[in-house]
Amino acid sequence: MIWSKYNFSFEKEQITYLYNSRTNALISTTEDETKIALDQAKDGNLSMLDPDSLALLKNGKFISSQEDEDSFFYEKKHNYYTSVFSKEILNLTILTTLNCNFKCPYCYEKDTLNTQNLSPEIEKAIIYLAKKFPNINKIKITWYGGEPLLNFDSIKRLTLELEKLKKPIEHNIVTNGYLLDDRMSFFNTRNLESIQITIDGLAETHNKKRILKNNNGTFDRILANIENFIKLNSACKVYIRCNIDESNENEFSQLYHFLNKKFNFEKRLIIYTAFVRNDNGRCNNVFIDSDKEAEFFIQNFEKENIKNLSFKPRLTLGGCGANNLLFFVITPNGDMYKCWNDIGRSDYQIGNILDNGIYLNEITDKYLLGPSIYTDPECKNCSFFPICSGGCSHKRIQNLLHNEKYNLCTYAKNHLEKFLELNYLK
């Protein structure tokens, strides 16, 4: 029997806590004799453990055999690659247009935006692509842009044509919310699973960041649109994303409470954060320190009682949509990618939809079979492994191909004690 590499222990107020990330089990003791026995067990000496303690530790996988730990790793790896090559769902991110009615200063797509819309030729090619997978159980579409609602006609045409395939279709829309109007009634009889809208602060702050091309603000219009949409659609989840940087980090809690009160604590309204990065070299006031991210969540949990944002450990296979064989990002001219962040980069293009299905190349290979949490020696031996997604696949590939130095570890890794305390001891 060995002391599991997935164990993490800490002391608080003379209580010793022991956590195992494989089972998500947390146990504690105040007895000095048991604490000494646990210290001995870490070094492989189990003789000081009484039978009940030994059984408890075995049940929680705090102690296990090497074969059992190896089996856990390979079973998780097998399940991951099974999901990678699953052909059950065709997952399409379709850019209806590269045009946008906003000019946000941090937009990572700003160099690729233009007025191009999906052409009838590309729309037909998308239908042809879907027909190539007759055995799928579902089609999942994310309507994206630019601002996808600027070309709502393509959304309607493609939806009506795809419905002829007699497969369940799930719709998701990433929109700035400015055009979220009565046209959305089109989805009242369809499975619109979610919409995502960005609100970057209260009115004054948001109107400096999320502005129209004529420099006018958008806050009031977006909120009115959300209110009308919630009345119009009784099932769709509304994700409110707030992009956090140094200019608005202290305002987030006010926005969070304001929105919840504004929409009467609507359960379908889900507010979450994303941190502005300087990956394109053009962003100011960025969050570049994972410790600062952890501090942000801890402070909002403790001081503002915002509990649903911070890290809560749970088992995960890792990866993202880009790590799936049938996940495609399609631009208005038919260029295909595996990740939203690759849009406009020819070196990350996996093909063009007009090329009759030629989308298997080195980039596809890297996303499906390349570097991952299962091939990285540091990840494989990390106590965080069972509850870690492995970080951004796009950045992991950039580290490999372009010798970048992105930190792929979660902000919670160096603050696990605090997050366990917040989630389980408060």
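Which residues are buried in H13? Leu416, Phe419, Leu420, Glu421 and Leu422 are. Buried means under 20% relative accessible area, exposed over 50%, and partly exposed in between (1.4 Å probe, protein chains only).

1. **Basis.** This is a predicted model, where local features need pLDDT of at least 70, side-chain atom pairs count only at pLDDT 80 or more, and totals for chains, interfaces and linings use all residues. Residues are numbered from 1 along each chain as its sequence is written, and side-chain values use heavy atoms, with hydrogens and water left out. Helices (H or I, at least four residues) and strands (E, at least two) are DSSP runs, numbered from the N terminus.

2. **The sheet.** An open sheet is built from 3 strands in the order E2-E3-E4, with antiparallel pairing. Two strands pair if DSSP finds at least two bridges between them. Strand E2 (7-12) and strand E4 (25-29) are the edges; each has a single partner strand, so one side of each lacks a neighbour in the sheet. On average, neighbouring strands are turned by 20 degrees against each other, direction ignored. Axes are lines fitted to C-alpha atoms, for helices over the stretch in contact, and angles run from 0 to 180 degrees between N-to-C directions.

3. **E2 with E3.** E2 and strand E3 (residues 15-20) pair over 6 bridges in the antiparallel sense. Phe8 stands opposite Tyr19 in E3. Lys12 has Ile15 of E3 as its bridge partner. The two strands form a hairpin with 2 residues between them, and Glu13 in the turn has a positive phi of about 50 degrees.

4. **E3 with E4.** Here the antiparallel pairing runs over 5 bridges. Tyr17 stands opposite Ser28 in E4. This hairpin has 4 residues between the strands, and Asn24 takes a positive phi near 60 degrees. E3 is mostly covered, with 5 of its 6 residues buried.

5. **H13 on the sheet.** Contact means heavy atoms within 4.5 Å. The buried residues of H13 pack against E2, E3 and H9.

6. **Helix H3.** The 19 residues of helix H3 (residues 66-84) should span 27 Å at 1.5 Å a residue, and the end C-alpha atoms are 27 Å apart, which agrees. The expected span is 1.5 Å times one less than the number of residues. Buried in H3 are Glu69, Phe72, Phe73, Lys76, Tyr80, Tyr81 and Val84. They cover an arc of only 155 degrees around the axis, which puts them on the same side of H3. The arc is that of the directions from the helix axis to the C-beta atoms. An α-helix has 3.6 residues a turn, so residues three or four places apart point the same way.

7. **Both faces of H3.** The face turned away from the buried side of H3 carries exposed Glu67, Tyr74, Glu75 and His78. The cover over the buried residues includes strand E1 (2-3), strand E5 (63-64), helix H10 (362-369) and helix H11 (377-380).

8. **Cysteines.** The structure holds 0 disulfides. A disulfide is a pair of cysteine sulfur atoms within 2.5 Å. The sulfur of Cys236 is 20 Å from the closest cysteine sulfur, in Cys100, too far for a bond. Cys236 counts as buried, at 0% relative accessibility. For Cys409, the closest cysteine sulfur is in Cys379 at 6.3 Å, again too far for a bond. Cys409 is partly exposed, at 33% relative accessibility.

9. **Ala322.** This residue lies in the loop between helix H9 (290-304) and strand E12 (327-330). Ala322 is buried, at 4% relative accessibility. Leaving out residues up to four places away in sequence, Ala322 touches Phe327, Lys338, Cys339, Tyr367 and Leu368.

10. **Backbone points to check.** Most residues other than glycine have a negative phi, and most peptide bonds are trans. Gly145 and Gly146 are joined by a cis peptide bond, with omega about 20 degrees. Gly146 lies in the loop between strand E7 (138-144) and helix H5 (152-163). Asn264 has a positive phi near 55 degrees and is exposed, at 64% relative accessibility.
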